[in-house]
Amino acid sequence: MRTHQAALLAMATAVPPYRLEQSAVAALARRVYADSFARYPKLVDVYANTGIEQRFSAQPLDWFEAPHDWPERTQAYIEGASALFIEAARRALARARLDARDVDVVVTISSTGIATPSLEALVAVEMGFRPDALRVPVFGRGCAGGVVGLSLGARLAQAAPGEVVLVVVVELCTLAFRADRSTKADVISSALFGDGAAALVLRVGDDEGSIAIGATAEHTWPSTLDIMGWTMDPAGFGVVLSRSLPRFIEQRLAAPARRFVRRAALTAPQLVFHPGGAKVLEAVERALELQSGTLRHEREVLRTHGNMSSPTVLFVLERALQRGMRGPALLSAMGPGFTVCFAALEVGHG
(Lines give C-alpha, C1' and ligand atoms only; values in the text may rest on other atoms or scores of the structure.)
Protein backbone atom coordinates (compact mmCIF):
# COMPACT_ATOMS: atom_id res chain seq x y z
CA MET A 1 0.00 0.00 0.00
CA ARG A 2 1.27 3.49 -0.80
CA THR A 3 1.78 5.25 2.51
CA HIS A 4 0.01 8.47 1.50
CA GLN A 5 -3.30 6.67 0.98
CA ALA A 6 -5.84 6.33 3.75
CA ALA A 7 -6.60 2.77 4.82
CA LEU A 8 -9.89 1.38 6.05
CA LEU A 9 -8.63 -0.61 9.03
CA ALA A 10 -11.99 -1.95 10.17
CA MET A 11 -15.72 -1.48 9.87
CA ALA A 12 -18.82 -2.61 11.73
CA THR A 13 -22.59 -2.28 11.48
CA ALA A 14 -25.44 -2.23 13.99
CA VAL A 15 -29.23 -2.27 13.95
CA PRO A 16 -31.79 -1.33 16.64
CA PRO A 17 -33.75 -3.93 18.60
CA TYR A 18 -37.14 -3.99 16.89
CA ARG A 19 -37.61 -6.13 13.79
CA LEU A 20 -40.41 -4.95 11.50
CA GLU A 21 -41.78 -7.60 9.16
CA GLN A 22 -42.94 -6.04 5.90
CA SER A 23 -46.29 -7.81 6.13
CA ALA A 24 -46.92 -6.21 9.55
CA VAL A 25 -45.94 -2.77 8.26
CA ALA A 26 -48.32 -3.21 5.32
CA ALA A 27 -51.15 -4.09 7.70
CA LEU A 28 -50.47 -0.96 9.76
CA ALA A 29 -50.32 1.14 6.60
CA ARG A 30 -53.73 -0.09 5.49
CA ARG A 31 -55.19 1.41 8.66
CA VAL A 32 -53.17 4.62 8.66
CA TYR A 33 -53.37 5.33 4.92
CA ALA A 34 -56.87 4.01 4.27
CA ASP A 35 -57.99 7.21 2.52
CA SER A 36 -54.89 7.30 0.29
CA PHE A 37 -55.34 3.66 -0.69
CA ALA A 38 -58.96 4.40 -1.55
CA ARG A 39 -57.83 7.18 -3.90
CA TYR A 40 -54.82 5.28 -5.28
CA PRO A 41 -55.55 1.51 -5.02
CA LYS A 42 -52.27 0.51 -6.70
CA LEU A 43 -50.33 2.01 -3.77
CA VAL A 44 -51.21 -1.08 -1.75
CA ASP A 45 -48.89 -3.09 -4.00
CA VAL A 46 -45.81 -1.06 -3.09
CA TYR A 47 -45.18 -3.07 0.08
CA ALA A 48 -44.96 -6.31 -1.89
CA ASN A 49 -42.91 -4.82 -4.74
CA THR A 50 -40.04 -3.24 -2.79
CA GLY A 51 -38.00 -6.42 -2.47
CA ILE A 52 -38.01 -5.92 1.32
CA GLU A 53 -38.97 -8.67 3.75
CA GLN A 54 -37.99 -7.01 7.02
CA ARG A 55 -36.43 -3.89 8.53
CA PHE A 56 -35.24 -2.76 11.94
CA SER A 57 -36.55 0.13 14.00
CA ALA A 58 -35.59 2.03 17.14
CA GLN A 59 -39.27 1.94 18.14
CA PRO A 60 -41.81 -0.91 18.21
CA LEU A 61 -44.44 -1.00 15.49
CA ASP A 62 -47.28 0.23 17.70
CA TRP A 63 -45.31 3.44 18.41
CA PHE A 64 -46.11 4.59 14.88
CA GLU A 65 -49.87 4.44 15.32
CA ALA A 66 -49.91 7.33 17.80
CA PRO A 67 -49.19 10.97 16.89
CA HIS A 68 -45.76 12.33 17.86
CA ASP A 69 -44.58 15.92 17.77
CA TRP A 70 -41.11 17.28 17.06
CA PRO A 71 -39.84 17.10 20.70
CA GLU A 72 -40.96 13.47 21.01
CA ARG A 73 -39.35 12.49 17.74
CA THR A 74 -36.17 14.34 18.67
CA GLN A 75 -35.91 12.57 22.01
CA ALA A 76 -36.46 9.22 20.30
CA TYR A 77 -33.76 10.12 17.78
CA ILE A 78 -31.21 11.13 20.42
CA GLU A 79 -31.76 7.98 22.46
CA GLY A 80 -31.85 5.57 19.53
CA ALA A 81 -29.05 7.14 17.50
CA SER A 82 -26.76 7.41 20.54
CA ALA A 83 -27.20 3.70 21.29
CA LEU A 84 -26.47 2.73 17.68
CA PHE A 85 -23.47 5.09 17.54
CA ILE A 86 -21.91 3.43 20.59
CA GLU A 87 -22.60 -0.12 19.39
CA ALA A 88 -21.21 0.36 15.89
CA ALA A 89 -18.21 2.45 17.02
CA ARG A 90 -17.16 0.00 19.72
CA ARG A 91 -17.35 -2.93 17.32
CA ALA A 92 -15.27 -1.17 14.67
CA LEU A 93 -12.62 -0.05 17.14
CA ALA A 94 -12.39 -3.54 18.63
CA ARG A 95 -11.88 -5.02 15.15
CA ALA A 96 -9.12 -2.47 14.52
CA ARG A 97 -7.58 -3.39 17.91
CA LEU A 98 -7.89 0.20 19.05
CA ASP A 99 -9.48 1.97 21.99
CA ALA A 100 -11.71 5.06 21.96
CA ARG A 101 -8.82 7.03 23.46
CA ASP A 102 -6.79 6.27 20.33
CA VAL A 103 -9.29 8.22 18.20
CA ASP A 104 -8.05 11.62 17.05
CA VAL A 105 -10.98 12.63 14.81
CA VAL A 106 -14.67 11.67 15.04
CA VAL A 107 -16.87 12.24 11.99
CA THR A 108 -20.62 11.81 12.54
CA ILE A 109 -22.94 11.50 9.54
CA SER A 110 -26.69 11.73 10.19
CA SER A 111 -29.67 13.42 8.55
CA THR A 112 -32.71 11.91 10.28
CA GLY A 113 -32.61 13.94 13.49
CA ILE A 114 -31.14 17.07 15.02
CA ALA A 115 -29.01 17.15 18.15
CA THR A 116 -26.99 20.05 19.53
CA PRO A 117 -24.54 19.15 20.98
CA SER A 118 -24.15 16.58 18.20
CA LEU A 119 -24.16 12.83 18.73
CA GLU A 120 -20.41 12.32 19.19
CA ALA A 121 -20.44 14.86 22.03
CA LEU A 122 -23.48 13.24 23.65
CA VAL A 123 -21.75 9.84 23.77
CA ALA A 124 -18.17 11.07 24.35
CA VAL A 125 -17.95 10.19 28.04
CA GLU A 126 -19.55 6.77 27.64
CA MET A 127 -17.34 6.02 24.63
CA GLY A 128 -14.21 7.30 26.36
CA PHE A 129 -13.09 9.76 23.67
CA ARG A 130 -10.21 12.08 24.58
CA PRO A 131 -11.24 15.68 25.33
CA ASP A 132 -8.97 16.91 22.51
CA ALA A 133 -10.51 14.69 19.79
CA LEU A 134 -11.65 16.72 16.77
CA ARG A 135 -15.42 16.52 16.23
CA VAL A 136 -16.86 16.79 12.70
CA PRO A 137 -20.68 16.41 12.58
CA VAL A 138 -22.24 16.38 9.08
CA PHE A 139 -25.96 16.85 8.42
CA GLY A 140 -28.05 16.86 5.24
CA ARG A 141 -26.33 14.38 2.94
CA GLY A 142 -29.12 11.81 3.16
CA CYS A 143 -28.59 8.50 1.36
CA ALA A 144 -25.22 9.66 0.02
CA GLY A 145 -23.85 10.06 3.54
CA GLY A 146 -22.10 6.68 3.76
CA VAL A 147 -19.82 7.45 0.81
CA VAL A 148 -19.48 11.07 1.97
CA GLY A 149 -18.34 9.88 5.41
CA LEU A 150 -15.78 7.48 3.96
CA SER A 151 -14.46 10.15 1.58
CA LEU A 152 -14.27 12.87 4.23
CA GLY A 153 -12.68 10.49 6.73
CA ALA A 154 -10.04 9.49 4.19
CA ARG A 155 -9.19 13.12 3.44
CA LEU A 156 -8.91 13.96 7.12
CA ALA A 157 -6.65 10.95 7.65
CA GLN A 158 -4.46 12.05 4.74
CA ALA A 159 -4.20 15.54 6.23
CA ALA A 160 -2.71 14.12 9.45
CA PRO A 161 -0.84 10.87 8.73
CA GLY A 162 -0.84 8.50 11.68
CA GLU A 163 -3.98 9.91 13.27
CA VAL A 164 -6.98 7.63 13.77
CA VAL A 165 -10.23 8.80 12.17
CA LEU A 166 -13.50 7.24 13.31
CA VAL A 167 -16.50 7.75 11.02
CA VAL A 168 -19.94 6.86 12.40
CA VAL A 169 -22.93 6.89 10.05
CA VAL A 170 -26.28 6.54 11.81
CA GLU A 171 -29.86 7.04 10.66
CA LEU A 172 -33.29 6.51 12.23
CA CYS A 173 -35.38 6.86 9.09
CA THR A 174 -38.47 5.28 10.63
CA LEU A 175 -38.97 8.26 12.96
CA ALA A 176 -40.09 10.26 9.91
CA PHE A 177 -43.19 8.05 9.55
CA ARG A 178 -46.13 10.46 9.63
CA ALA A 179 -49.69 9.28 10.27
CA ASP A 180 -50.84 12.87 9.73
CA ARG A 181 -49.51 12.95 6.14
CA SER A 182 -50.65 10.67 3.35
CA THR A 183 -48.94 11.75 0.14
CA LYS A 184 -47.70 9.11 -2.28
CA ALA A 185 -44.14 9.89 -1.15
CA ASP A 186 -45.10 9.22 2.48
CA VAL A 187 -46.68 5.88 1.59
CA ILE A 188 -43.68 4.81 -0.50
CA SER A 189 -41.20 5.86 2.20
CA SER A 190 -43.14 3.87 4.80
CA ALA A 191 -42.57 0.80 2.62
CA LEU A 192 -38.84 1.41 2.17
CA PHE A 193 -37.02 2.87 5.13
CA GLY A 194 -35.39 1.29 8.17
CA ASP A 195 -32.85 2.21 10.85
CA GLY A 196 -29.19 1.31 11.18
CA ALA A 197 -25.61 2.46 11.73
CA ALA A 198 -22.12 1.75 10.44
CA ALA A 199 -18.69 2.75 11.74
CA LEU A 200 -15.35 2.99 9.93
CA VAL A 201 -11.80 3.28 11.31
CA LEU A 202 -9.30 4.96 8.98
CA ARG A 203 -5.62 5.86 9.16
CA VAL A 204 -2.77 6.62 6.79
CA GLY A 205 0.11 4.18 7.06
CA ASP A 206 1.44 0.83 5.96
CA ASP A 207 -1.42 -1.24 7.30
CA GLU A 208 -1.04 -4.73 5.84
CA GLY A 209 -4.26 -6.33 4.72
CA SER A 210 -6.35 -3.19 5.05
CA ILE A 211 -8.40 -1.54 2.31
CA ALA A 212 -6.86 1.40 0.47
CA ILE A 213 -9.07 4.41 -0.22
CA GLY A 214 -8.20 5.96 -3.55
CA ALA A 215 -9.84 8.81 -5.44
CA THR A 216 -13.16 10.25 -4.27
CA ALA A 217 -15.56 12.61 -6.02
CA GLU A 218 -19.13 13.79 -6.27
CA HIS A 219 -21.34 15.31 -8.92
CA THR A 220 -24.36 17.53 -8.26
CA TRP A 221 -26.86 18.05 -11.07
CA PRO A 222 -28.16 21.64 -11.30
CA SER A 223 -31.83 22.38 -10.64
CA THR A 224 -32.58 19.03 -9.02
CA LEU A 225 -33.33 20.12 -5.44
CA ASP A 226 -36.86 18.73 -5.64
CA ILE A 227 -35.83 15.09 -6.23
CA MET A 228 -35.02 14.17 -2.64
CA GLY A 229 -34.89 15.79 0.79
CA TRP A 230 -36.90 16.91 3.81
CA THR A 231 -39.53 19.52 4.50
CA MET A 232 -39.96 20.60 8.11
CA ASP A 233 -43.04 21.51 10.14
CA PRO A 234 -44.06 21.48 13.83
CA ALA A 235 -44.59 17.69 13.79
CA GLY A 236 -41.22 16.79 12.27
CA PHE A 237 -39.63 15.96 8.93
CA GLY A 238 -41.69 15.38 5.81
CA VAL A 239 -40.20 13.27 3.05
CA VAL A 240 -39.47 14.69 -0.41
CA LEU A 241 -39.10 11.83 -2.89
CA SER A 242 -39.76 12.37 -6.59
CA ARG A 243 -41.37 9.61 -8.61
CA SER A 244 -38.99 10.59 -11.43
CA LEU A 245 -35.93 9.31 -9.50
CA PRO A 246 -35.48 5.92 -11.25
CA ARG A 247 -35.87 7.48 -14.70
CA PHE A 248 -33.44 10.29 -13.75
CA ILE A 249 -30.84 7.73 -12.63
CA GLU A 250 -31.25 5.65 -15.78
CA GLN A 251 -30.73 8.71 -17.98
CA ARG A 252 -28.08 10.65 -16.04
CA LEU A 253 -25.89 8.35 -13.92
CA ALA A 254 -23.67 6.84 -16.61
CA ALA A 255 -21.74 9.98 -17.62
CA PRO A 256 -20.38 11.00 -14.17
CA ALA A 257 -19.78 7.34 -13.24
CA ARG A 258 -17.67 6.73 -16.33
CA ARG A 259 -15.75 9.98 -15.82
CA PHE A 260 -14.88 8.92 -12.29
CA VAL A 261 -13.80 5.43 -13.33
CA ARG A 262 -11.44 6.94 -15.92
CA ARG A 263 -10.08 9.54 -13.49
CA ALA A 264 -9.53 6.96 -10.75
CA ALA A 265 -7.88 4.57 -13.24
CA LEU A 266 -10.17 1.75 -12.15
CA THR A 267 -9.99 -1.36 -14.34
CA ALA A 268 -13.10 -3.56 -14.26
CA PRO A 269 -14.02 -2.50 -10.72
CA GLN A 270 -16.53 -4.43 -8.66
CA LEU A 271 -19.54 -2.25 -7.91
CA VAL A 272 -20.99 -1.43 -4.49
CA PHE A 273 -24.07 0.81 -4.74
CA HIS A 274 -26.57 2.20 -2.29
CA PRO A 275 -29.78 0.17 -2.70
CA GLY A 276 -32.35 2.94 -2.58
CA GLY A 277 -35.10 0.56 -3.66
CA ALA A 278 -35.84 -2.18 -6.18
CA LYS A 279 -36.63 0.29 -8.96
CA VAL A 280 -33.49 2.30 -8.20
CA LEU A 281 -31.30 -0.80 -8.49
CA GLU A 282 -32.93 -1.70 -11.79
CA ALA A 283 -32.29 1.84 -13.02
CA VAL A 284 -28.61 1.68 -11.97
CA GLU A 285 -28.16 -1.60 -13.84
CA ARG A 286 -29.76 -0.19 -16.99
CA ALA A 287 -27.76 3.05 -16.76
CA LEU A 288 -24.45 1.19 -16.45
CA GLU A 289 -25.44 -1.52 -18.95
CA LEU A 290 -25.18 -4.27 -16.36
CA GLN A 291 -26.95 -7.58 -16.62
CA SER A 292 -30.20 -7.59 -14.66
CA GLY A 293 -29.58 -8.94 -11.15
CA THR A 294 -25.89 -8.00 -11.11
CA LEU A 295 -26.23 -5.98 -7.88
CA ARG A 296 -27.00 -9.03 -5.76
CA HIS A 297 -25.38 -7.86 -2.50
CA GLU A 298 -27.43 -4.68 -2.74
CA ARG A 299 -30.64 -6.68 -3.14
CA GLU A 300 -29.75 -8.91 -0.18
CA VAL A 301 -29.26 -5.91 2.10
CA LEU A 302 -32.44 -4.29 0.83
CA ARG A 303 -34.37 -7.50 1.48
CA THR A 304 -33.15 -7.91 5.07
CA HIS A 305 -32.74 -4.28 6.20
CA GLY A 306 -34.62 -1.99 3.82
CA ASN A 307 -33.22 1.40 2.88
CA MET A 308 -31.49 2.80 5.99
CA SER A 309 -30.35 5.90 4.12
CA SER A 310 -26.65 6.72 4.61
CA PRO A 311 -25.33 3.53 6.28
CA THR A 312 -26.95 1.18 3.75
CA VAL A 313 -24.12 1.25 1.22
CA LEU A 314 -21.70 0.36 4.03
CA PHE A 315 -23.84 -2.67 4.92
CA VAL A 316 -23.48 -3.68 1.26
CA LEU A 317 -19.71 -3.15 1.41
CA GLU A 318 -19.48 -5.25 4.57
CA ARG A 319 -21.46 -8.06 2.94
CA ALA A 320 -19.36 -7.95 -0.23
CA LEU A 321 -16.15 -8.14 1.81
CA GLN A 322 -17.51 -11.08 3.81
CA ARG A 323 -18.30 -12.84 0.54
CA GLY A 324 -14.69 -12.47 -0.61
CA MET A 325 -14.58 -9.28 -2.68
CA ARG A 326 -11.01 -8.49 -3.78
CA GLY A 327 -9.33 -6.04 -6.12
CA PRO A 328 -10.55 -2.64 -7.32
CA ALA A 329 -14.04 -1.54 -6.33
CA LEU A 330 -16.29 1.44 -6.92
CA LEU A 331 -18.41 2.60 -3.98
CA SER A 332 -21.32 4.90 -4.88
CA ALA A 333 -24.47 6.43 -3.42
CA MET A 334 -26.88 9.20 -4.37
CA GLY A 335 -28.59 11.72 -2.14
CA PRO A 336 -30.16 15.18 -1.81
CA GLY A 337 -28.70 17.84 -4.02
CA PHE A 338 -29.31 15.86 -6.22
CA THR A 339 -25.83 14.36 -5.92
CA VAL A 340 -23.96 11.17 -6.70
CA CYS A 341 -20.83 10.35 -4.68
CA PHE A 342 -18.00 7.97 -5.60
CA ALA A 343 -15.04 6.39 -3.84
CA ALA A 344 -12.40 4.07 -5.31
CA LEU A 345 -11.24 1.17 -3.14
CA GLU A 346 -8.48 -1.40 -3.48
CA VAL A 347 -9.29 -4.53 -1.49
CA GLY A 348 -6.82 -7.24 -0.57
CA HIS A 349 -3.74 -5.34 -1.62
CA GLY A 350 -1.70 -6.16 1.49
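User: What does buried area stand for here, and how much do domain 1 and domain 2 bury between them?

Analyst: Buried area is the accessible area (1.4 Å probe) that two parts lose on being put together, summed over both. For domain 1 and domain 2 it comes to about 4,100 Å², with 63% of it on carbon and sulfur atoms. The model is predicted: local features need pLDDT of at least 70 and side-chain atom pairs count only at pLDDT 80 or more, while totals for chains, interfaces and linings use all residues. Residues are numbered from 1 along each chain as its sequence is written, and side-chain values use heavy atoms, with hydrogens and water left out.

User: Where do the domain bounds come from, and what are they?

Analyst: They come from an automatic or database domain assignment, which gives domain 1 as 6-204 and domain 2 as 211-347. The contact (heavy atoms within 4.5 Å) takes 61 residues from domain 1 and 49 residues from domain 2. Trp70, Cys143 and Val147 supply 16% of the area that domain 1 buries against domain 2, more than any other three residues.

User: What makes the pair Arg178 and Asp233 a salt bridge?

Analyst: The rule asks for a side-chain nitrogen of Lys or Arg within 4 Å of a carboxyl oxygen of Asp or Glu. The N to O distance for Arg178 and Asp233 is 3.0 Å, so the pair meets the rule. Across the interface of domain 1 and domain 2 the rule finds 4 salt bridges.

User: Why is Pro328 called partly exposed?

Analyst: Buried means under 20% relative accessible area and exposed over 50%, with partly exposed in between (1.4 Å probe, protein chains only). Pro328 has 23% relative accessibility, so it counts as partly exposed. Pro328 is found in strand β12, residues 327-335; strands (E, at least two residues) and helices (H or I, at least four) are DSSP runs, numbered from the N terminus.

User: What makes a set of residues a nonpolar core, and how many residues has the largest?

Analyst: Such a core is a set of buried Ala, Val, Leu, Ile, Met, Phe, Trp, Tyr and Cys residues joined through side-chain atoms within 4.5 Å. The largest has 48 residues, and Tyr47, Phe85, Met127, Phe129 and Leu166 have the most contacts inside it. Helix α4 gives the most to this core, with 10 residues.
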